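Dear colleague,

I am passing on to you the structure we spoke about, and my notes on it follow directly below the display.

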Amino acid sequence: MISLRITNATRILAKDQDEYNQLAICDQKVDGVNRMISVWEPTPAELDQLINGGSVVLTILGTAHPPVLITTQPAPQEAG
């Protein structure tokens with residue numbers, strides 16, 4: 001997956017850590033719950049796997065599993 005720059009990003013994770021890929025996130029608070037939202041796009045090979053019945057894999061580093069939510073969003077609208 002390729003991380004994309006999210007609209008209204010509030011910060012960039014790993015901004016000063018060259019050993020990691022930077023990740024643009026949008027911080028939100030909904031019903032008193034903090035959220036960090038990022039946007040991802042499948043590579044052509046990953047998209048081919050998904051079209052052919054493959055699945056999305058979520059990997060959490062460490063030994064504790066935080067609450068997560070995986071959703072989709074429509075393609076960006078072309079300005080015109």
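The charges come up first: the protein carries 5 positive and 9 negative side chains, and the centres of these two sets lie 13 Å apart. Please keep in mind throughout that this is a predicted model, and that the values quoted here are computed from it.

Side chains of opposite charge can pair when their charged atoms come close. A search of the whole structure finds 1 salt bridge, in which the side chains of Arg-11 and Asp-27 meet at 2.8 Å, taken from N to O. Because Arg-11 belongs to strand β2 (residues 11-13) while Asp-27 belongs to strand β3, the pair ties together parts of the chain that are 16 residues apart in sequence.

The C-alpha atom of Lys-29 is separated by 16 Å from that of Thr-7, a residue 22 positions away along the chain.

Turning to the fold as a whole, the secondary structure comes to 1 helix and 5 strands, and the order along the sequence is β-β-β-β-β-α, with the helix after the strands. The radius of gyration is 15 Å, well over the 12 Å that the globule rule gives for 80 residues, so the protein is more spread out than a compact globule. Taken along the principal axes, the box filled by the C-alpha atoms is roughly 45 × 35 × 35 Å.

Two further values concern burial and surface: buried residues make up 9% of the 80 residues, and the protein exposes about 7200 Å², of which carbon and sulfur atoms supply 52%. As to contacts, among those with a separation of 6 or more, residues 24 or more positions apart account for 25%.

With kind regards

Note on methods:
Residues numbered from 1 in each chain as written. Predicted model: local features only at pLDDT ≥ 70, side-chain atom pairs only at ≥ 80, totals over all residues. Heavy atoms only, no water. Helix = DSSP H or I, 4+ residues; strand = E, 2+ residues; numbered from the N terminus. Rg over C-alpha atoms; globule rule 2.2 N^0.38 Å. Buried < 20%, exposed > 50% of the residue type's maximum accessible area, 1.4 Å probe, protein only. Contact = heavy atoms within 4.5 Å. Areas by Shrake-Rupley, 256 points an atom, 1.4 Å probe, with all protein chains shown as cover. Lys, Arg positive; Asp, Glu negative; His and termini not counted. Charge placed at Lys NZ, Arg CZ, Asp CG, Glu CD. Salt bridge = Lys/Arg side-chain N within 4 Å of Asp/Glu carboxyl O.
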